[in-house]
Amino acid sequence: MSANHDHAAGDHHEIEMPHASMRDYMIGFVLSVILTAIPFWMVMTMPLSAPATAAIIMAFAVVQIVVHMIFFLHMTPKAEGGWSLTSLVFTIIVVGIMLAGSLWVMHHLNTNMMPTPHDMNQLP
């Protein structure tokens, strides 16, 4: 009976994480250094206007997050049968909806609740 029990326990399918090689880690490291150095250079030299620099830095940050998730956290469609990537995408969608909704509500509250310059003259 114990042989059957051992065989039955061996039937469980383990979800394997993809193994990364030293090459993958080095690619991730080099990309991370580049994605950090370029925004640092942009802030130090200010070749563009402040809003353009901020937008480019945010874009580099998003790309760096993706690089970290792929090369260091191994979040690929193959990892855990794709569930880790699916849950990440769902989380990003929910956070995006929450942030967009919060900004939308705050903008409309500011627009509708704040006094206009004409009304400010009548304040005591």
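**Exercise 1.** Which backbone oxygen does the side chain of T53 reach?

*Solution.* Before we start, note that this is a predicted model, where local features need pLDDT of at least 70 and side-chain atom pairs count only at pLDDT 80 or more, while totals for chains, interfaces and linings use all residues. Residues are numbered from 1 along each chain as its sequence is written, and side-chain values use heavy atoms, leaving out hydrogens and water.

Step 1: Look along its side chain, and you meet the backbone oxygen of S49 at 2.9 Å.

**Exercise 2.** Is T53 buried or exposed, and which residues beyond its sequence neighbours does it contact?

*Solution.* Step 1: Learn the scale: buried means under 20% relative accessible area, exposed over 50%, and partly exposed in between (1.4 Å probe, protein chains only).

Step 1: T53 has a relative accessible area of 4%, so it is buried.

Step 2: Contact means heavy atoms within 4.5 Å. Setting aside neighbours within four places in sequence, T53 touches M42, M46 and L48.

**Exercise 3.** How are the rings of Y25 and F72 arranged?

*Solution.* Step 1: A pair of aromatic rings is described by the distance of the centres and the angle of the planes. Rings of Phe, Tyr and Trp (its six-membered ring) pair if their centres lie within 6.5 Å; planes under 30 degrees apart are stacked, over 60 edge-to-face, and the rest tilted.

Step 1: The structure holds one aromatic pair. Y25 and F72 have centres 6.2 Å apart and planes at 20°, making the pair stacked.

Step 2: Y25 belongs to helix α2 (residues 22-45), while F72 sits in the loop between α3 (50-71) and α4 (83-113), 47 residues apart.

Step 3: With relative accessible areas of 32% for Y25 and 29% for F72, each is partly exposed.

**Exercise 4.** How many helices and strands does the chain have, and what percentage of its residues count as buried?

*Solution.* Step 1: Count five helices and zero strands, giving the pattern α-α-α-α-α along the sequence.

Step 1: Of the 124 residues, 13% count as buried.

Step 2: Take contacts with a separation of 6 or more: residues 24 or more positions apart account for 65% of them.

Methods. Helices (H or I, at least four residues) and strands (E, at least two) are DSSP runs, numbered from the N terminus. A polar contact is a pair of N or O atoms within 3.5 Å; within protein, one must be able to donate a hydrogen and the other to accept it, and residues adjacent in sequence count only if both atoms are side-chain atoms.
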